[in-house]
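Reader: I have just opened this structure for the first time. Could you take me through it, beginning with the aromatic rings?

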Amino acid sequence: MVPVDRWQSAVEDGRRFLARWGEQAEALGWTSRDLFGLHRSPPDPHPSYSRLSRYDETGLVWLLQRREVVALTEATAAIQSPTGAVTVYRRFNKPALGPLGDSLDDLEPPFGGSAT
């Protein structure tokens, strides 16, 4: 339930990633699921279902799409686009609907001011 072109791209991205970062990823505790994981297909998926639709269960390699990892830590990978823009992939805490605590009520007022 992944388009063939995305599968082939992920295979190439995975080979390139492992050649450059494989040993470091292993030393930092990245698992196969962290790198290559996909959402588990439901028993009777809808025809429009895609295993790539759940970011929170998608491994790093699926998101590379021919972009390069330029830094790797225990918790993050920095992915650089051809334009130079960098996207940070978070290994942990990848909620499907946005970061936990991402509410305006959770923000502190600037400069120690009052929220009211």
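**Aromatic pairs and the rest of the chain**

Author: A search of the whole structure finds three aromatic pairs. Rings of Phe, Tyr and Trp (its six-membered ring) pair if their centres lie within 6.5 Å; planes under 30 degrees apart count as stacked, over 60 as edge-to-face and the rest as tilted. This is a predicted model, in which local features need pLDDT of at least 70 and side-chain atom pairs count only at pLDDT 80 or more, while totals for chains, interfaces and linings use all residues. Residues are numbered from 1 along each chain as its sequence is written, and side-chain values use heavy atoms, with hydrogens and water left out.

Reader: What is the geometry of the pair that tryptophan 7 and tryptophan 62 form?

Author: The pair is tilted, with 5.4 Å from centre to centre and 55° between the planes. Tryptophan 7 belongs to helix α1 (residues 4-27) and tryptophan 62 to helix α3 (residues 60-64), so the pair ties together parts that are 55 residues apart in sequence. Helices (H or I, at least four residues) and strands (E, at least two) are DSSP runs, numbered from the N terminus.

Reader: Is tryptophan 62 buried or exposed?

Author: Tryptophan 62 is buried, at a relative accessible area of 6%, whereas tryptophan 7 is partly exposed at 47%. Buried means under 20% relative accessible area, exposed over 50%, and partly exposed in between (1.4 Å probe, protein chains only).

Reader: Which residues form an aromatic cluster?

Author: Trp30, Tyr55 and Tyr89 form one.

Reader: And what lies over the face of tryptophan 21?

Author: Arginine 20 does, at 4.0 Å from the ring centre. A charge sits over a ring if NZ of Lys or CZ of Arg is within 6 Å of the ring centre and within 35 degrees of the ring normal.

Reader: Let us change topic. How many helices and strands does the protein chain have?

Author: The protein chain has three helices and three strands, and from the N terminus on they run α-α-α-β-β-β. Buried residues make up 28% of its 116 residues.

Reader: Where is glycine 59?

Author: Glycine 59 is in the loop between α2 (32-36) and α3, and this residue is buried, at 0% relative accessibility.

Reader: What is glycine 59 in contact with, leaving aside its neighbours within four places in sequence?

Author: Its contacts (heavy atoms within 4.5 Å) are Arg33, Asp34, Leu35, Phe36, Gly37 and Tyr89. From C-alpha to C-alpha, glycine 59 and leucine 35 are 4.4 Å apart in space, although 24 residues apart in sequence. Tyr89 is also one of the residues in the aromatic cluster.

Reader: How much of the contacts in the protein chain with a separation of 6 or more comes from residues 24 or more positions apart, and what share is that?

Author: Such residues account for 55% of those contacts.

Reader: Are they buried or exposed?

Author: Glutamine 65 is partly exposed at 43% relative accessibility, and arginine 66 is exposed at 64%.
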